[in-house]
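Student: I'd like to learn how to read a few side-chain and strand features in a model like this one. Could we go through them together?

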Amino acid sequence: MGSNNIHTHHLFRQIIILDEEVEFVGSDDILFSTEKLKEISVAKWFPFIESIHETLKKMKLSNEEILFSRIESPADFLPGSYDFSFLKIEQNGREYIQWSIYDYTVVYTYLTKYQQLKNEKDIYRQKLEYRDRQIKDIKDFL
């Protein structure tokens, strides 16, 4: 796949194509197989979709991408942390919704660990500052 190819695949992203009624049309199945899900309503596999169903149906080609960040375990079969984006596209004279699912589980796990370490560092620093304020004489430092 060349760098000019708009459909360059990424191992951390799956593209699902939905029709205007927000029903499954196809997928590249990079993150998970949709084979057993094809006959089931998308809102049943991903309850999150049910909550934005009307918004997706009203999307126009001129609309900007809709992005949802850090969706935790969006389906029973998909643990982890994901970003979702939705974009109205046109192919062969028909309109579709392109749903991109980005697997950022590792990134969000590291961010959470980083935040925890930062918070622990800040608490430790505050304790040291408090102790330092209790010192009345330079000899107390030694």
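Tutor: Let's start with the rings: a search of the whole structure turns up 17 aromatic pairs. Keep in mind that this is a predicted model, where local features need pLDDT of at least 70, side-chain atom pairs count only at pLDDT 80 or more, and totals for chains, interfaces and linings use all residues. Residues are numbered from 1 along each chain as its sequence is written, and side-chain values use heavy atoms, with hydrogens and water left out.

Student: What describes a pair of aromatic rings?

Tutor: The distance of the centres and the angle of the planes. Rings of Phe, Tyr and Trp (its six-membered ring) pair if their centres lie within 6.5 Å; planes under 30 degrees apart count as stacked, over 60 as edge-to-face and the rest as tilted. Take Phe24 and Trp45, a tilted pair at 5.6 Å centre to centre with 55° between the planes. That pair links distant parts of the chain, 21 residues apart, with Phe24 in strand β2 (residues 24-27) and Trp45 in helix α1 (residues 42-45). Helices (H or I, at least four residues) and strands (E, at least two) are DSSP runs, numbered from the N terminus.

Student: Are Phe24 and Trp45 buried or exposed?

Tutor: Both Phe24 and Trp45 are buried. Buried means under 20% relative accessible area, exposed over 50%, and partly exposed in between (1.4 Å probe, protein chains only). Now look at Phe46 and Phe77, which form an edge-to-face pair, 5.7 Å centre to centre and 80° between the planes.

Student: How accessible are Phe46 and Phe77?

Tutor: Phe46 is buried at 0% relative accessible area, whereas Phe77 is partly exposed at 36%.

Student: On to charges. How many salt bridges are there?

Tutor: The rule is a side-chain nitrogen of Lys or Arg within 4 Å of a carboxyl oxygen of Asp or Glu, and the count comes to 8 salt bridges. One of them joins Glu129 and Arg125 at 3.0 Å, N to O. Both lie in helix α3 (residues 105-134), 4 residues apart, about one turn of the helix. Salt bridges that share partners also join Glu20, Lys88 and Glu95 into one network.

Student: Which residue does Lys38 meet in a salt bridge?

Tutor: Glu35, with 3.4 Å from N to O. Lys38 is partly exposed at 37% relative accessibility, and Glu35 is exposed at 53%. Another salt bridge, between Glu72 and Arg70, has an N to O distance of 3.2 Å.

Student: Last topic, strands. Why is β1 described as largely enclosed by the rest of the structure?

Tutor: Because 6 of the 6 residues of strand β1 (residues 13-18) are buried. Arg13, Ile15 and Ile17 point one way from β1, Gln14, Ile16 and Leu18 the other way, and all are buried.

Student: And which strands does β1 pair with?

Tutor: Two strands pair if DSSP finds at least two bridges between them. β1 runs antiparallel to strand β5 (residues 94-103), joined by 6 bridges, and Leu18 has Ile97 as its bridge partner in β5. β1 also pairs with β2 in the antiparallel sense, over 3 bridges, with Ile17 opposite Gly26. β1 and β2 form a hairpin with 5 residues between them, and Val22 in the turn has a positive phi of about 65°.
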